[in-house]
Amino acid sequence: MHASDEFRKRIAAAPFSAVLGQGRVKEELKSALLASRHIILVGPPGVGKTTLAREVAQLLPQRESAEKGKGAPQPRFVRVQGSPDLTAEDLLGDIDPIKALEYGPLSTEAFTPGKIFKADKGILFFDEVNRCTEKLQNALLQALEEKRATIGGYDVDFPVDFVFIGTMNPEDSSTEKLSDVFLDRFDLVTMGYPETAAIEHEIVTQQRQEIEGVAMPDALQLKVIAFIRQLRVDKNVDKKPSVRASIGVVDRSLTTALLRGRRIVAPEDIASVLPSVLAHRMSLKPSVKYLEQPEEYVRKQFETFSREHDLEGGVP
Ligand SMILES: Nc1ncnc2c1ncn2[C@@H]1O[C@H](COP(=O)(O)OP(=O)(O)O)[C@@H](O)[C@H]1O
Ligand SMILES: [Mg+2]
């Protein structure tokens, strides 16, 4: 999409404040958007990719709905979930061959528009592009590059204009490799976990639940976060716990403390929610996973961490 001057100005000035930290990512994203590039955000789940793309959508001018003055404004953010089952018809649309002869292939009678058309003048957010088949990658490329596609035997031109932001998780092994031809058309912006424990603490504080009558002391929450961040760099851990895991542990510790009649979360509340909140969100390297289940591993690691960081006695 060729950015309008207004959109460019807004991009350049955008703080993207829903995403804390990630200064380099924001700068790269802005520069790619200003250059009208197609973008793929690369990173593990739960680092703020969707949140960031939604913020870009906020900057686009509000669209008129199809019939002037009627109904809600059209969404500026259209999301497609990449999967091996996604077809070119889902993405581009479907042409009824008989009606096409009579009314023309892109007539309202013959053509059922796909997601790409819904994204016109907005953002096409394509989650996990690397889960799509190579055939679909090619159809998408043609639509993006040439604004043409072949549907049901017809070559049609797409009068659509949008910002493309895709995501991929490089650690997701269940996926297709993106072809070189595909990757050559995109700029990749890599995104990781929050840069510091302090930033992650702020994210969790903003997004955790408010549970009346129970408090999570800052010092204890920082220790929860330090523990999760330690698991992320643990050489035995393969799939790493995300920011959602940090938020989840804090939320559940608060509600567990409530059930136990406590006014302040205690380390044992945290310990007791780990199997349910944390263990399934991670996996262990093959060298350890045949010896130990994640639940057991997390429990032991937390015990050691508690001892080393004086969790039992140190927090009021
Ligand atoms: N840097 C960050 N700033 C603010 N929130 C974040 C950040 N990183 C992760 N989150 C939070 O983590 C959760 C997952 O974010 P999301 O945008 O859905 O991630 P992704 O699309 O990468 O899976 C959300 O609750 C989001 O607000
Ligand atoms: Mg997402």
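Helix α3, residues 49-59, gives the most to the shell around ligand 1, with 3 residues. Helices here are DSSP runs of H or I, at least four residues, and strands are runs of E, at least two, numbered from the N terminus. This is a predicted model: local features need pLDDT of at least 70, side-chain atom pairs count only at pLDDT 80 or more, and totals for chains, interfaces and linings use all residues. Residues are numbered from 1 along each chain as its sequence is written, and chains are lettered from A and ligands numbered from 1 in the order in which they are written.

Back to the site. Ligand 1 is surrounded by 16 residues, and the closest are Gly 48, Lys 49, Thr 50, Thr 51 and Val 243; a residue counts if its C-beta atom, placed from the backbone, lies within 6 Å. At least two shell residues each come from α3, α9 and α11 (243-259). Domain 1 (5-190) and domain 2 (197-314) each supply at least three, with bounds from an automatic or database domain assignment.

Now the helix pair. The axes of α9 (197-207) and α10 (218-233) come within 10 Å and cross at roughly 120°; axes are lines fitted to C-alpha atoms, for helices over the stretch in contact, and angles run from 0 to 180 degrees between N-to-C directions. Which residues of α9 meet α10? They are Ala 197, Glu 200, His 201 and Val 204, and on α10 the partners are Gln 221, Leu 222, Ile 225, Ala 226 and Arg 229, contact being C-beta atoms, placed from the backbone, within 7 Å.

Key. Contact = placed C-beta atoms within 7 Å.
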